[in-house]
Amino acid sequence: MNTSTSPLAGTVRSGRPIGVGIIGLGATGSWAERSHLPALRAVPGYELRALSTSSKESAERSGHKHGVARTFGTAAELAACDDVDLVVVAVKVPHHRDLVRTALSAGKSVLCEWPLGNGLAEAEDMARHARDRAVPTVVGLQARSHPALAYLRDLVADGYVGEVLSTTVVGSGGAWGGTVGPGDHHVLDPANGMTLLTIPFAHTLDGFASVLGEPEDLRIGLASRRTSAVDTGSGRPVPMTVPDQVVASGRVPGGAVATFHYRGGVSRGTNFRWEINGTEGDLVVTAPIGHLQLSPVTIEGARGASTGLAPLTVPESYVRVPRLDPRADAPAYAVAHAYQRFLDDLREGGTSGGASGVPDFAHGAARHRSIESAVTTP
């Protein structure tokens with residue numbers, strides 16, 4: 001949506017910070033604590049003013065730990081707080097729609113973690129509700145905001161590899177392998193919407209599309225090679241009913257062939273490798289884990305007469321959040337750059353969702369649609 005006429009844009013242009021309230025900022029290693037909290041503290045223009053968790057008592061404990069004065073036991077109370085301009089929804093996927101609708105109904109802008117909804121229907125409902133409320137939104141597809149991907153996008157656009165001929169992505173999911181943590185059983189059940197397909201593959205697909213364009217004729221195949229995982233606490237097997245293999249193919253604009261393979265668990269080899277091969281050169285992106293959205297990224301390239309890859313350092317001009325280190329602060333790094341891009345959109349009156357902008361709920365619904373429509377029945 002165009003952000004130029006929103007009250008939030010007026011707040012930013014006046015020089016006042018955006019007041020943030022996080023739903024799901026716990027005191028014991030939550031995703032919000034590892035990513036959103038350091039990201040917000042690294043980007044000038046935001047103030048964390050409130051949080052809510054599953055109870056008043058746990059919210060107070062978290063507020064004491066993180067130095068947040070306003071704590072609430074319900075999302076409705078947080079959304080009603082006058083000091084909150086932007087509500088961040090950072091909880092498990094089955095709760096996204098209800099919490100997002102609560103915040104939107106209170107007239108607040110919302111940043112919701114990815115997956116946006118538990119399936120396409122929920123995502124489309126949330127996008128419609130946001131459009132009706134005419135407030136800026138953000139969906140947590142932060143890979144495209146990573147400085148390394150912005151640099152990669154420009155390298156391709158500037159002709160580093162010449163005409164792109166083909167591109168291949170191979171990644172490991174980390175989860176969905178032979179073991180599962182005691183608190184992570186929910187990812188093994190597709191009913192919860194947190195799968196190998198919807199999380200690491202979808203995040204990578206979105207970052208991929210920001211560099212090479214939206215894949216055309218995408219076909220996604222799923223396979224279940226494991227039927228259980230061993231709980232690392234009890235040593236007992238836990239049923240796995242979600243596919244642990246994702247294989248996809250398509251073409252990028254211009255006709256280049258694209259292939260993807262995501263496998264559950266981890267590899268003893270490379271857990272993420274993305275090659276872009278062209279008429280004049282090659283680019284190779286690697287990472288220690290298969291989640292492109294929260295991993296330190298290495299880019300290597302070679303072109304012309306060069307026969308071996310050489311490191312390509314991301315220029316400082318792409319780094320908008322210098323307070324964070326891409327390796328030491330990997331979970332927060334791309335998230336922080338997404339927050340910065342959102343500020344840029346608000347200041348400049350831009351339209352979210354493009355390759356160089358932060359993706360909104362409409363973009364999130366479209367990403368759900370692109371994946372669900374491409375899955376083929378075995």
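Modeller: What follows goes through sheets, a helix, aromatic rings and cysteines. Keep in mind that this is a predicted model.

Biologist: Let me start with sheets. In what order do the strands of the six-stranded open sheet lie?

Modeller: A sheet is read by strand order and by the sense of pairing. Here the order is E3-E2-E1-E4-E5-E6, and the pairing is parallel. Strand E3 (70–72) and strand E6 (137–140) stand at the edges with a single partner strand each, so one side of each has no neighbour in the sheet. On average, neighbouring strands of this sheet are turned by 20° against each other, direction ignored.

Biologist: Which strands does E4 pair with?

Modeller: Strand E1 (residues 18–23) is joined to E4 by four bridges, and the two run parallel. Gly21 has Val87 as its bridge partner in E4. E4 also pairs with strand E5 (residues 109–113), again in the parallel sense and over four bridges. There, Leu86 has Ser109 as its bridge partner. Elsewhere in the sheet, strand E2 (residues 46–52) runs parallel to E3, with three bridges between them; Ser52 stands opposite Phe72 in E3.

Biologist: Which way do the side chains of E4 point, and are they buried or exposed?

Modeller: In strand E4 (residues 86–89), Leu86 and Val88 point one way, while Val87 and Val89 point the other way. All of these residues are buried.

Biologist: There is another sheet. How many strands does it have, and what is the pairing?

Modeller: It is an open sheet of eight strands, in the order E9-E12-E13-E7-E14-E15-E16-E17, and the pairing is mixed. Strand E9 (216–223) and strand E17 (310–311) are the edge strands, each pairing on one side only.

Biologist: In which sense do E14 and E15 run?

Modeller: Strand E14 (residues 272–278) and strand E15 (residues 281–287) run antiparallel, joined by six bridges. As one example, Asn277 has Asp282 as its bridge partner in E15.

Biologist: Which helix packs on this sheet, and which strands does it touch?

Modeller: Helix H7 (residues 147–157) does, touching strand E7 (164–172), E14, E15 and strand E16 (298–303). The direction of H7 makes about 170° with that of E15.

Biologist: How many residues of H7 are buried?

Modeller: Nine of its eleven residues are buried, so the helix is mostly covered. Among them are Leu149, Tyr151, Leu152 and Arg153. The buried residues of H7 pack against E7, E14, E15 and E16, and also against H8 and helix H9 (330–348). Just after H7, Gly159 takes a positive phi of about 90°.

Biologist: Now the aromatic rings. What describes a pair of them?

Modeller: Two values do: the distance of the centres and the angle of the planes. A search of the whole structure finds six aromatic pairs. In one of them, the rings of Phe201 and Phe260 have centres 5.7 Å apart and planes at 75°, so the pair is edge-to-face. Phe201 lies in helix H8 (residues 197–212) and Phe260 in strand E13 (residues 257–263), so the pair ties together parts that are 59 residues apart in sequence. Both Phe201 and Phe260 are buried.

Biologist: Which residues do ring pairs link into a cluster?

Modeller: The cluster holds Phe201, Phe208, Phe260, Tyr262 and Trp274. A ring can also have a charge over it: the charged end of Arg303 sits over the ring of Tyr160, 5.2 Å from its centre.

Biologist: Are Cys81 and Cys112 buried or exposed?

Modeller: Cys81 is buried, with a relative accessible area of 11%. Cys112 is buried too, with a relative accessible area of 0%.

Biologist: Last, what is His96 in contact with?

Modeller: Leaving aside its neighbours within four places in sequence, His96 is in contact with Val89, Val91, Cys112, Glu113, Pro115, Leu116 and Met126. His96 is found in helix H5 (residues 96–105), and is buried with a relative accessible area of 0%.

Technical notes:
Residues numbered from 1 in each chain as written. Predicted model: local features only at pLDDT ≥ 70, side-chain atom pairs only at ≥ 80, totals over all residues. Heavy atoms only, no water. Pairing = 2+ DSSP bridges. Contact = heavy atoms within 4.5 Å. Axes fitted to C-alpha atoms, helices over the stretch in contact; angles between N-to-C directions. Phe/Tyr/Trp six-rings, centres within 6.5 Å; stacked < 30°, edge-to-face > 60°. Buried < 20%, exposed > 50% of the residue type's maximum accessible area, 1.4 Å probe, protein only. Lys NZ or Arg CZ within 6 Å of the ring centre and 35° of its normal.
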